[in-house]
Amino acid sequence: MVTRLIVASFVGGIVMFFLGFLIYGLALETFMKENTVQYVGLIREPPNMVMIGVANLVYGLLLAFVADYWARVRTFAGGAKVGAIVSFLIALWINSMFEAFWVLYIGFLPVLVDIVATTVMGAIAGGAIGVVLGKMDNKTETA
């Protein structure tokens, strides 16, 4: 059902937004800045919050779509598994591409930290999505 997907996407996006603030904005801000090669204009200060919101809602939609239509997740644990797997693969992919084409980080440790942080965020957001999907599940629906 479209409503279930929209609500789960929104919840996942909101969870990703707040986890991003906690993990990247507070816990890892200094570490990531100190381990990023500084180019003029590289880091937008302040960041574009609208685009951060859009990005998180799209990520929530991706996780909700995979969890609902492909994995048929209806629990926190199932959603966390889907979220962790999808997020790990995306983080591994994008960080590999960054390493292939750009001199962005000082050393390889920030890459590993980013992959772990993204995987944790995805697992928690996926878990929240799984709970929403479970609460909104209607056994008589057809997809």
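**Helix 3**

I began with the length of helix 3: at 1.5 Å a residue, its 22 residues should span 32 Å, and the end C-alpha atoms are 31 Å apart, which agrees. The model I am reading is a predicted one.

Next I looked up which residues of helix 3 are buried. I noted N56, Y59, G60, L63, A64, V66, A67 and D68.

**Aromatic pairs**

I turned to the rings and asked how many aromatic pairs there are. The count comes to 4. I looked at F65 and W70 and found an edge-to-face pair, with 5.1 Å centre to centre and 80° between the planes. F65 counts as partly exposed because its relative accessibility is 31%, whereas W70, at 63%, counts as exposed.

I then looked up F98 and W102, which form a stacked pair: the centres are 4.9 Å apart and the planes make an angle of 25°. F98 has 21% relative accessibility, and the cut-off for buried is under 20%, so F98 counts as partly exposed.

I also checked for rings joined into a group. Ring pairs link F65, Y69 and W70 into a cluster.

**Nonpolar patch on the surface**

I looked for nonpolar side chains on the surface and noted a patch of F10, I14, F18 and L57. Together these residues have about 370 Å² of accessible area. Which helix gives the most to the patch? Helix 1 (residues 2-27) does, with 3 residues.

I took I14 as one member to check.

**N35**

Last, I looked up N35. Where does N35 lie? I placed N35 in the loop between helix 2 (29-34) and helix 3 (49-70). Is N35 buried or exposed? N35 is buried, because its relative accessible area is 17% and the cut-off is under 20%.

I then listed what N35 touches, leaving out residues up to four places away in sequence. The contacts are L104, Y105, I106 and P110.

Definitions and conventions. Residues are numbered from 1 along each chain as its sequence is written. This is a predicted model: local features need pLDDT of at least 70, side-chain atom pairs count only at pLDDT 80 or more; totals for chains, interfaces and linings use all residues. Side-chain values use heavy atoms; hydrogens and water are left out. Rings of Phe, Tyr and Trp (its six-membered ring) pair if their centres lie within 6.5 Å; planes under 30 degrees apart count as stacked, over 60 as edge-to-face and the rest as tilted. Buried means under 20% relative accessible area, exposed over 50%, partly exposed in between (1.4 Å probe, protein chains only). Helices (H or I, at least four residues) and strands (E, at least two) are DSSP runs, numbered from the N terminus. Contact means heavy atoms within 4.5 Å. Patches are made of residues with over 30% relative accessible area and no salt bridge: like charges are joined within 9 Å, nonpolar side chains (Val, Leu, Ile, Met, Phe, Trp, Tyr) within 5 Å. Accessible areas come from the Shrake-Rupley method with a 1.4 Å probe; for residues, only the protein chains shown count as cover. A salt bridge is a side-chain nitrogen of Lys or Arg within 4 Å of a carboxyl oxygen of Asp or Glu. The expected span of a helix is 1.5 Å times one less than its number of residues.
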